There are 2 protein chains.
Amino acid sequence: MAPTTTVPIGTLPSGSVTGRLASVYSEVQKTRVDHALPLPSVLKHPFTILDGPPSSAAGNPDEIAKLFPHLFGQPSAALAPSGAVQTQKKLKIGVVLSGGQAPGGHNVISGIFDYLQERAPGSTLYGFKGGPAGIMKCKYVELTSEYIYPYRNQGGFDMICSGRDKIETPEQFKQAEETAKKLDLDGLVVIGGDDSNTNACLLAENFRSKNLKTSVIGCPKTIDGDLKCKEVPTSFGFDTACKIYSEMIGNVMIDARSTGKYYHFVRLMGRAASHITLECALQTHPNITIIGEEVAAKKLTLKNVTDYIVDVVCKRAEINYNYGVILIPEGLIDFIPEVQHLIAELNEILAHDTVDEGGLWKKKLTDQSLKLFDFLPQAIQEQLMLERDPHGNVQVAKIETEKMLIQMVETELEKRKQEGKYNGEFKGQSHFFGYEGRCGLPTNFDATYCYALGYGAGALLHSGKTGLISSVANLCAPVEEWTVGGTALTSLMDVERRHEALRYAKVWGRDIVRSLTLAYAKRLFPDSNP
Amino acid sequence: MAPTTTVPIGTLPSGSVTGRLASVYSEVQKTRVDHALPLPSVLKHPFTILDGPPSSAAGNPDEIAKLFPHLFGQPSAALAPSGAVQTQKKLKIGVVLSGGQAPGGHNVISGIFDYLQERAPGSTLYGFKGGPAGIMKCKYVELTSEYIYPYRNQGGFDMICSGRDKIETPEQFKQAEETAKKLDLDGLVVIGGDDSNTNACLLAENFRSKNLKTSVIGCPKTIDGDLKCKEVPTSFGFDTACKIYSEMIGNVMIDARSTGKYYHFVRLMGRAASHITLECALQTHPNITIIGEEVAAKKLTLKNVTDYIVDVVCKRAEINYNYGVILIPEGLIDFIPEVQHLIAELNEILAHDTVDEGGLWKKKLTDQSLKLFDFLPQAIQEQLMLERDPHGNVQVAKIETEKMLIQMVETELEKRKQEGKYNGEFKGQSHFFGYEGRCGLPTNFDATYCYALGYGAGALLHSGKTGLISSVANLCAPVEEWTVGGTALTSLMDVERRHEALRYAKVWGRDIVRSLTLAYAKRLFPDSNP
């Protein structure tokens with residue numbers, strides 16, 4: 001029996017070598033660390049870079065042009081086979097992991113490293129530690145073959161760790177410049193999501209404006225799957241995370257069917273987008289799936305969503321099925337307009353008025369918000385009134401949506417039972433699948449995709465490109481036929497409005513994908529109501 | 001990219017065949033369904049049954065003898081190679097799944113089926129549906145090669161489903177007798193945990209006392225891992241569940257290290273025993289592991305446990321590590337004597353007195369219980385006062401121990417911060433890993449072990465044995481060398497005391513294992529305090 005001892009890579013001292021690996025890695029980790037990765041054929045031979053036509057922006061091109069005078073309009077780039085041999089100049093490159101973990105991050109780094117080893121021998125790769133703060137504080141480690149080896153095809157960001165700091169103020173740009181000069185950097189690869197790639201573009205613009213030689217290339221990372229567009233068909237980590245969650249959901253579904261007495265409400269990671277929930281639904285076919293973007297598009301209320309679930313529970317009870325599995329996106333209540341109104345009103349009231357025990361304060365709510373507040377389970381009402389963030393605001397993110405829905409479904413079912421419309425048994429079980437999926441072993445797809453993203457980023461930096469996001473596409477074809485290039489980050493940008501007045505430029509794949517999500521959702525629920 | 005569509009087996013109509021499987025099963029499910037299982041060599045050839053010496057009981061043999069006059073003292077049985085060929089009589093056998101799911105249950109059934117096909121051709125196997133209730137209601141399905149095939153080496157109990165009913169009253173025994181007679185059963189296999197095997201033995205005794213030909217054989221199932229003893233080295237499902245949880249814990253550990261800002265409190269299934277927590281700790285090496293049996297043995301208080309965690313958090317903060325992973329068994333608070341006292345007092349007060357808002361009722365608590373109650377976070381206090389089961393009792397099982405500990409650790413850390421003894425940042429994240437592990441694909445060990453348990457159960461029934469639990473041992477050796485036999489259920493029994501007066505006979509592997517768990521715990525924390 002003797003189970004294999006699994007020691008997570010995090011417990012390894014930096015720079016571990018094969019001998020030590022052999023004793024602490026599990027069988028599957030050992031197999032994966034030596035798993036050979038295929039490269040797109042354009043990366044296996046000498047290549048040249050073909051520039052496309054001048055680019056624009058995803059929206060508001062005039063504003064984007066003003067914000068990025070040195071980068072706006074630059075063409076995207078595509079790698080093409082060539083007989084000519086690449087110049088052999090040595091490069092000094094930095095790499096940084098930014099934001100939440102996604103399986104495959106280590107492979108982007110090993111892709112960059114292998115490109116430099118094979119195409120620009122004698123080059124140096126620095127890993128900035130703990131995210132963008134590592135750039136500002138010039139905290140780094142020189143990445144060697146031995147240092148990288150134990151992390152090949154392994155999950156996590158622990159090779160150099162990550163962080164959520166941003167480089168955006170003049171002082172912060174100054175610090176980044178100093179680091180770039182001190183290390184004599186030819187280039188920097190920023191591995192991150194939409195915010196991090198927006199930052200990468202600001203940094204590229206800044207370096208260019210100061211005539212620094214340091215180029216900046218972004219890489220599309222987020223398990224949420226909401227950084228994608230025509231040129232960047234997917235962000236890495238999404239494939240692995242969805243497969244991990246789907247396996248867990250599949251286990252819970254079999255459990256539900258074997259026992260026959262629980263409704264499992266599974267909340268899935270994805271605050272701003274429901275892509276994970278949708279993909280997991282397509283992989284596992286649960287009884288009910290709620291898609292946030294659909295709820296928003298149809299302007300559904302919390303009562304609508306509850307009734308939809310209750311209707312299905314009642315129909316199943318009629319044929320004696322008192323069990324099932326329901327998928328919910330983490331950010332569901334952020335998608336419900338009436339909830340947003342209630343939160344805004346509560347924040348206003350809590351900031352200016354005293355809240356009396358008798359409930360007179362409630363009179364300050366609009367009719368719609370009062371109705372919603374009274375509809376909420378008591379525990380959620382208390383949570384809304386009591387738990388505040390440091391700015392005194394209601395903490396929406398802390399609400400456990402799956403538990404709230406269970407309570408609301410219970411209440412409605414009880415009502416229908418008394419009206420003689422329901423005669424089943426309902427027992428809810430709540431789950432949240434999140435952190436388990438962010439650091440799993442990357443799937444073959446994510447491992448290969450990330451390696452190509454990194455290898456391609458090396459090629460773009462080698463060619464002196466800046467302000468591009470590494471783009472590997474044609475992903476439904478065999479790896480051999482994948483295309484490799486870089487997309488102008490400014491061409492993906494639009495202007496985001498926050499708090500009415502403030503406007504930010506932002507890499508903006510999300511809206512495009514929202515429409516896609518809706519299209520999928522319609523496929524999934526062709527005649528659903530909602 | 002195109003992820004493999006995984007359709008859980010639950011969506012298959014009964015009796016699906018290969019052609020259909022090919023289109024709905026994932027690659028891994030298809031590979032597993034055809035995975036060939038090795039058999040212990042004693043099961044590959046003709047065998048004979050060797051009886052051991054007369055047996056006694058694990059405790060209170062006189063009382064056990066009185067309860068089981070027809071079975072007490074019977075020898076355990078071991079299979080041994082023999083030149084003689086087994087009789088070829090046809091058998092009619094029933095099988096039932098009892099209690100919570102554990103990976104491998106389907107393989108026990110396929111093991112019984114294959115035994116009958118190969119050693120007693122022309123036999124019939126009936127699957128009772130929905131647990132022991134299926135026996136009492138005579139609700140069954142005849143299991144054929146085609147019916148069983150899609151479930152081979154797959155998780156879940158959905159082939160015939162399970163249930164928690166017990167056969168223990170005279171009327172229920174009568175119903176079971178009627179089913180046994182109606183189906184002309186030569187034998188019945190009960191797949192279940194300690195309670196279900198106790199029931200299996202009562203049923204065997206009952207059938208024997210009525211001179212029915214129906215023999216009863218038990219099989220050791222529970223992912224909790226607490227049904228084991230010398231003759232039954234492990235219950236099935238434990239190996240798979242621990243590996244599933246350990247993979248998830250490993251992912252969370254890498255996440256913790258990559259981010260560097262969260263303490264993850266992971267509660268693991270196992271209410272009456274901490275074996276899963278201990279095994280997962282051995283597989284993953286988290287920062288802190290709390291073992292319920294150790295807490296009970298040392299008579300620790302909730303404050304002791306909190307302080308132990310807080311001490312470690314403070315020490316790690318001194319070297320700038322503000323993250324980590326802490327494992328907690330589901331039943332932790334059941335192991336803390338002072339919590340048991342408080343619950344008993346609360347139940348008493350809530351049953352007889354009115355609870356005033358001013359808190360005068362608290363004066364009825366003993367000093368120790370009052371101190372503990374005041375130490376509990378407010379949310380837990382409210383939960384204890386408000387949520388009752390149908391008998392009016394406090395619902396201890398509903399307390400989310402991991403969240404309670406996070407709150408208590410936060411409070412204590414805040415205190416130490418104000419005393420200048422702690423200067424770190426603490427953010428807790430809570431997890432419960434339970435249902436995901438009960439229906440996963442069985443590991444090679446569980447798949448093989450279960451198949452041998454089922455095949456061996458077939459052999460025992462074929463030899464007319466009753467009141468035994470199928471016992472496959474020598475599990476650290478290659479499968480070839482595994483031993484196969486049956487252990488007298490009465491020899492594993494002791495008398496359990498419930499509510500002072502009531503006394504039940506019960507299969508009782510647990511206490512033996514508690515000592516073992518403690519021994520392990522000491523290995524893990526050689527000089528821990530606690």
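Through which surface do the copies meet, judging by the interface residues of chain B and chain A? In this predicted model, 98% of the interface residues of chain B are also interface residues in chain A, so the copies meet through the same surface.

**Figure 1. Chain A as a whole.** Chain A of the predicted model has 19 helices and 16 strands. The chain is 530 residues long, and 60% of these residues count as buried. Among the contacts in chain A with a separation of 6 or more, 77% are between residues 24 or more positions apart.

**Figure 2. The two copies and their relation.** Chain B is superposed on chain A by a rotation of 180 degrees, with 0.0 Å of shift along the axis and an RMSD of 0.1 Å. The two copies are thus related as by a two-fold rotation axis.

**Figure 3. The contact between chain B and chain A.** Chain B brings 55 residues to the contact, and chain A brings 54 residues. About 4,300 Å² of area is buried between the two chains, and carbon and sulfur atoms give 54% of this area. Polar contacts join 20 residue pairs between chain B and chain A, counting pairs with both residues at pLDDT 80 or more. On the side of chain B that touches chain A, at least two residues come from each of α10 (238-259), α11 (275-284), β12 (428-433) and α18 (435-438). The largest share of this side is supplied by α10(B), with 13 residues. By residue type, the side of chain B that touches chain A holds 22 nonpolar, 20 polar and 13 charged residues.

**Figure 4. Salt bridges across the contact.** Six salt bridges are counted between chain B and chain A. One of the salt bridges joins Arg438(B) to Asp255(A), with 2.7 Å between the closest N and O atoms. This pair runs from helix α18 of chain B, which holds Arg438(B), to helix α9 (residues 238-259) of chain A, which holds Asp255(A). Arg438(B) and Asp255(A) are both buried. A salt bridge also forms between the side chains of Glu400(B) and Lys403(A), at 2.5 Å from N to O.

Figure 5. Helix α16 of chain A, residues 401-418, contains Leu405(A). Is Leu405(A) buried or exposed? Its relative accessibility is 0%, so Leu405(A) counts as buried. Beyond its neighbours within four places in sequence, Leu405(A) is in contact with Phe265(A), Val305(A), Thr306(A), Ile309(A), Ile328(A) and Leu332(A). Pro53(A) is 352 residues from Leu405(A) in sequence, and the two C-alpha atoms are 50 Å apart in space.

**Figure 6. The buried residues of helix α15 in chain A.** Helix α15 of chain A covers residues 378-386, and its residues Ile380(A), Gln381(A), Gln383(A), Leu384(A) and Met385(A) are buried.

**Figure 7. A salt bridge between two loops of chain A.** Over all chains, the count comes to 51 salt bridges. In one of them, the side chains of Lys213(A) and Asp184(A) meet at 2.8 Å, N to O. Lys213(A) lies in the loop between α8 (194-209) and β8 (215-220), and Asp184(A) lies in the loop between α7 (170-182) and β7 (187-192). The two residues are 29 residues apart, and the pair links distant parts of the chain. Lys213(A) has a relative accessibility of 45%, so it counts as partly exposed. Asp184(A), with a relative accessible area of 33%, is also partly exposed.

Figure 8. Lys303(A) and Asp307(A) form a salt bridge whose closest N and O atoms are 3.0 Å apart. Both residues belong to helix α12 (residues 302-318) of chain A, where they are four residues apart, about one turn of the helix. Through salt bridges that share partners, Lys303(A) and Asp307(A) are joined with Asp311(A), Glu412(A), Lys415(A) and Arg416(A) in one network.

Definitions and conventions. Residues are numbered from 1 along each chain as its sequence is written. Chains are lettered from A and ligands numbered from 1 in the order in which they are written. This is a predicted model: local features need pLDDT of at least 70, side-chain atom pairs count only at pLDDT 80 or more; totals for chains, interfaces and linings use all residues. Side-chain values use heavy atoms; hydrogens and water are left out. Contact means heavy atoms within 4.5 Å. Buried area is the accessible area (1.4 Å probe) that two parts lose on being put together, summed over both. A salt bridge is a side-chain nitrogen of Lys or Arg within 4 Å of a carboxyl oxygen of Asp or Glu. A polar contact is a pair of N or O atoms within 3.5 Å; within protein, one must be able to donate a hydrogen and the other to accept it, and residues adjacent in sequence count only if both atoms are side-chain atoms. Ala, Val, Leu, Ile, Met, Phe, Trp, Tyr, Cys and Pro count as nonpolar, Asp, Glu, Lys and Arg as charged, and the others, Gly among them, as polar. Copies are superposed by least squares on the C-alpha atoms of residues with pLDDT of at least 70 in both. Buried means under 20% relative accessible area, exposed over 50%, partly exposed in between (1.4 Å probe, protein chains only).
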